[in-house]
Amino acid sequence: MFPDVRSRPPAEAKAAARGALTISDLDKSFTIAGAPRAVLDGVNLTVKPGEFISIVGASGCGKSTLLRLIVGLDAEYSGEIRLDGERIATTSLDRGIVFQDHRLFPWMTLGQNIELALLNTDTPKARRAQIVADHIALVNLQGFETAYPHQLSGGMAQRAAIARALVTEPKLLLLDEPLGALDALTRVHVQNELQRIWMAQRSTMIMVTHDVEEALYLGDRVVVMSPNPGRIRRIVDVDLPHPRDRSAPLLHRLKDEILAELTARPADPANLVRLPGREER
Amino acid sequence: MSALLSRPWLRIGVGLVVPALVLIWWQSQATAGGARAIAFAPLQSVGTAFVELAESGLIFSDMLATLSRSLSGLAIGGALGIATGVAMACWRPLDRVLGPLLMAIRQVPLMGWLPLIGLWAGTGGASELIVVSISAFFPTMLNSYEGVAHVERRYVEVGRIYGFTAAQRFRLILLPAAMPLVLTGVTQAFAFAWISSIATEILLGVGGGLGVTMQLAQTQQRLDIILVTIIATALLGFAINQLFCSLRAHLLRWQASPL
């Protein structure tokens, strides 16, 4: 029932490229007021290296819990989560995460915050400053190296958090509603940057969001989850090349479908054709 | 009003209005004659007493003695307080073992310790220093404990993500996150150390210091000298406190300004 954590990965997984994630029969429950309560139930998902997966779902469907398990902040689960064949039991520099709150240390400057991610990597000390500078440039924050987090706007701080997560070049980057707290315009801007960064780095990314449009714009596949307990309801393929056009009809069609799915009512096909932008009420 | 107060010299000026009014009232009481003049020494005699004390150098050696006693006590008690508070917050068993005892000890007023400490360490400078150190210990211990115990978990998680060792977590997360409260503790501790220095000097009357001179002046009924020492105590304590506040503001420059 509980497989040996140290068991060696199967041969075919070893041969796979970097950043392949396999989740099989994942169950997770919390004890609330003395009674166990299932948060995730029978989650199965295979993520290809370099793929961008979006996860959407109502609050309480366990999306954030799933990311905390994958990143290794919580190791109490049953089932399997394997990255390139290795079972995830704790945190690792192979896996990065961007939280909804930027979590930059307020007592460090932007540059110091990003550099601390390299503290325990084998990156030579002499090269670190250059790598940090490159990543600050990647998220367009040149000139703010010595600013403290409270001096940055929400969007800038979130971009800095993305830079901090990328600086270790993780095989797998997890994004837990990273843009949830941003205003609509900043959000579109950071979404574009995220797409550009992902296209440049091609590391595997998994993003949790409650914004279906955002999920579709960035994701190769969109995982739709249902709550109580959290289960995968549907996986939607978004068969459009990157970089994408926000006004692509397919995105709008899929958005209506997913929204209908999330509000648990079948979409009226006639409506979808005639009024592609309309949300089911 | 708030625009006016943004100019530094005006801000200082505003703070001097009430003291000036008090001095005018004082002087009127002192010159009113009769029984009142005994309780209110006229300002010119306070000035003469100051000149007298300054020429003999007594007031400066007193200030130095009290200041060095306070700062030594702050260094000893504060260092022990920070170490104890941090250790108790980092290691819960220590909290369980030491917490109740320290909380009970804290209920005893400082001067309550004096007879006991006098028996152990004699009625000399050592006893004074022990009492001042104890007074500096509790504010730093309590605030350091609170600071470390309430470090936000979300920052500790960032440390886990980047594989911080225990030492890195302590140096890069726990300590800086606790720093605002640690410094609050140190500032409070200085105020406590300063007050208890004067108090023990008055009670034990050894080794020189503002309190010793106060006590001596009281037995000689020199109201003017008492006033000079009181003013010196207030101004020096105020100045050091301001120094601590600016040091704190510099060390915590990463914080958003409260306004």
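Guide: Gladly; we will take one label at a time and check it. Keep in mind that this is a predicted model.

Visitor: Let us begin with chain A. What makes the six strands a sheet, and in which order do they stand?

Guide: They form an open sheet with mixed pairing, and in chain A the order is β6-β7-β8-β3-β9-β10. Strands β6 (95–98) and β10 (231–237) of chain A are at the edges: each has a single partner strand, so one side of each has no neighbour in the sheet. Ignoring direction, neighbouring strands of this sheet are turned by 20° against each other on average.

Visitor: How do you know that β9 and β10 of chain A are paired, and in which sense?

Guide: Two strands count as paired if there are at least two bridges between them. Strand β9 (residues 221–226) and β10 of chain A have six bridges, in the antiparallel sense, so they pass that test. You can find A:Met225 opposite A:Ile232, and A:Ser226 opposite A:Arg231. The two strands form a hairpin with four residues between them, and A:Asn228 in that turn has a positive phi of about 50°.

Visitor: What about the pair β3 and β9 of chain A: parallel or antiparallel?

Guide: That pair is parallel, with five bridges. A:Ile53 is the residue opposite A:Arg221 of β9(A).

Visitor: Which helix of chain A packs on this sheet?

Guide: Helix α2 (residues 63–71) does, touching β3 (52–57), β6, β7 (172–176), β8 (204–208) and β9 of chain A. The direction of α2(A) makes about 150° with that of β7(A).

Visitor: Which strands pair with β1 of chain A?

Guide: One of them is β2 (residues 35–47) of chain A, joined to β1 (residues 21–32) by nine bridges and running antiparallel. These two form a hairpin with two residues between them, where A:Ala33 has a positive phi of about 55°.

Visitor: What does the UniProt record place on chain A?

Guide: In an unreviewed entry, UniProt gives residues 21–254 of chain A the feature "domain: ABC transporter". In the model, that span is 31% helix and 28% strand, and its end C-alpha atoms lie 25 Å apart.

Visitor: Now for chain B. What is its secondary structure?

Guide: Chain B has 11 helices and zero strands. Its C-alpha atoms fill a box of roughly 75 × 55 × 30 Å along the principal axes. Of its 259 residues, 33% count as buried. Among contacts in chain B with a separation of 6 or more, 72% are between residues 24 or more positions apart.

Visitor: Why is B:Val151 called partly exposed?

Guide: A residue is buried with 20 or more C-beta neighbours within 10 Å, and exposed with 12 or fewer. B:Val151 has 17 inside 10 Å, so it counts as partly exposed. This residue lies in the loop between α7 (125–149) and α8 of chain B. Beyond its neighbours within four places in sequence, B:Val151 is in contact with B:Val156, B:Ile173, B:Leu174, B:Ala177 and B:Ala178.

Visitor: Which residues of α8 in chain B are buried, and how do you know that they share a side?

Guide: In α8 (residues 153–161) of chain B, the buried ones are B:Val158, B:Gly159 and B:Ile161. They cover an arc of only 160° around the axis, which puts them on the same side of α8(B). Their cover includes α2 and β6 of chain A, together with α9 (166–204) of chain B. After α8(B) comes B:Gly163, with a positive phi near 65°.

Visitor: How many residues take part where the two chains touch, and what makes up the side from chain A?

Guide: Chain A gives 16 residues to the contact and chain B gives 14. On the side of chain A there are 11 nonpolar, three polar and two charged residues.

Notes: Residues are numbered from 1 along each chain as its sequence is written. Chains are lettered from A and ligands numbered from 1 in the order in which they are written. This is a predicted model: local features need pLDDT of at least 70, side-chain atom pairs count only at pLDDT 80 or more; totals for chains, interfaces and linings use all residues. Axes are lines fitted to C-alpha atoms, for helices over the stretch in contact, and angles run from 0 to 180 degrees between N-to-C directions. Two residues are in contact if their C-beta atoms, placed from the backbone, lie within 7 Å. Ala, Val, Leu, Ile, Met, Phe, Trp, Tyr, Cys and Pro count as nonpolar, Asp, Glu, Lys and Arg as charged, and the others, Gly among them, as polar. UniProt positions are given in the numbering used here, feature names are shortened, and annotations may be inferred rather than shown by experiment. The arc is that of the directions from the helix axis to the C-beta atoms.
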